[in-house]
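Reader: I'd like to learn how to read pockets and salt bridges in a model like this one. Could you walk me through it?

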Amino acid sequence: MAAAGPGLYTEIGKKARDLLYKDYHTDQKFTLTTYASNGAAITAASTRKNEAIFSEIQSQLKHENVTVDVKATSESTVTTTFTIHDLGTPGLKAILCIPFPYQKSAKAELQYLHHHAGVAASVGLNANPVVNFSGVFGTKTVAVGADASFDTSSGDLTKYNAGLSYTTNDFVAAVTLNNKGDSLAASYYHLVNSTTAVGGELTHSFSSNENILTFGTQHALDPLTTVKARFNNYGMASALIQHEWRPKSLVTISTEVDTKAIEKSSKVGLSLVLKP
């Protein structure tokens, strides 16, 4: 039932965002996942960006409708997340996130998916929490939604966004108003055929009167290999190739170059994901 609905607010414009921005890296990332005999998944990841190296290890255990995630990072933080699916009714999910050392990022969240709505609400677990609420209403074809955050310590709305989307089997268009009404974004995604997709996004800032126009494409060379490319009006061009050399194990090589300053060296990123 939930799959036929509009989804959560984060789904508005997601198809175009994934096409234009997902898997483009200018750093080096290595991820390894193994599975214990009790079914627990253990994932180790390390990312090198410039001269800094950030590492984390995450374990995930599922039992019936409960999932427990524990993540430890090289910055000496440990975050435990409890997720309960179909809590009392189909489509209702409860999430509890607890970091250690205890920080303001601790929160409790409820998500509910219905065939005509997708609602999410979260509250920080501290004395002066930030309360976030988002709601999307409509159908799988046409949906309208809003996303807002309220800081109880200052009494201010720290975030309010709104969005509208139109979805068919091979075309998705979305318009969103972000950054407290200062930024307007329009995007589209078009599945040309079973192997090729194109998309674009135009973002306008009312305060700076700046426009950013980005176009991108994705093409499957074969069932295991995908290439992507994108270009924006500031002359930034990016491309990547991703190959699934074994089930769920991916190697991705991406590059970015400033075509208006071609004498500068291009940035190259590498991502390696290994799963048994």
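Reader: By class, what does the lining of the second largest pocket have?

Author: This is a predicted model, and in it that lining has 8 polar, 5 nonpolar and 4 charged residues. Of the 17 residues lining the second largest pocket, Thr31, Thr33, Thr43, Glu56 and Gln58 lie nearest its centre. Strands E1 (28-35), E2 (41-49) and E3 (52-63) each give at least two residues to this lining.

Reader: Now the salt bridges. How many does the structure hold?

Author: There are 6 salt bridges. In one of them, arginine 230 pairs with glutamate 256, with the closest N and O atoms 3.8 Å apart. This pair links distant parts of the chain, strand E16 and strand E18, 26 residues apart.

Reader: Is arginine 230 buried or exposed?

Author: Buried means under 20% relative accessible area. Arginine 230 counts as buried because its relative accessibility is 17%, and glutamate 256, at 18%, is buried too. In another salt bridge, glutamate 51 meets arginine 48 at 3.6 Å; glutamate 51 is exposed at 70%, while arginine 48 is partly exposed at 37%.

Key
Residues are numbered from 1 along each chain as its sequence is written. This is a predicted model: local features need pLDDT of at least 70, side-chain atom pairs count only at pLDDT 80 or more; totals for chains, interfaces and linings use all residues. Side-chain values use heavy atoms; hydrogens and water are left out. On a 1 Å grid over the protein atoms alone, a cavity is a set of points where a 1.4 Å probe fits but cannot get out, and a pocket is an open set with protein on both sides within 12 Å along at least five of seven lines; lining residues have an atom within 4 Å of a point. Helices (H or I, at least four residues) and strands (E, at least two) are DSSP runs, numbered from the N terminus. Ala, Val, Leu, Ile, Met, Phe, Trp, Tyr, Cys and Pro count as nonpolar, Asp, Glu, Lys and Arg as charged, and the others, Gly among them, as polar. A salt bridge is a side-chain nitrogen of Lys or Arg within 4 Å of a carboxyl oxygen of Asp or Glu. Buried means under 20% relative accessible area, exposed over 50%, partly exposed in between (1.4 Å probe, protein chains only).
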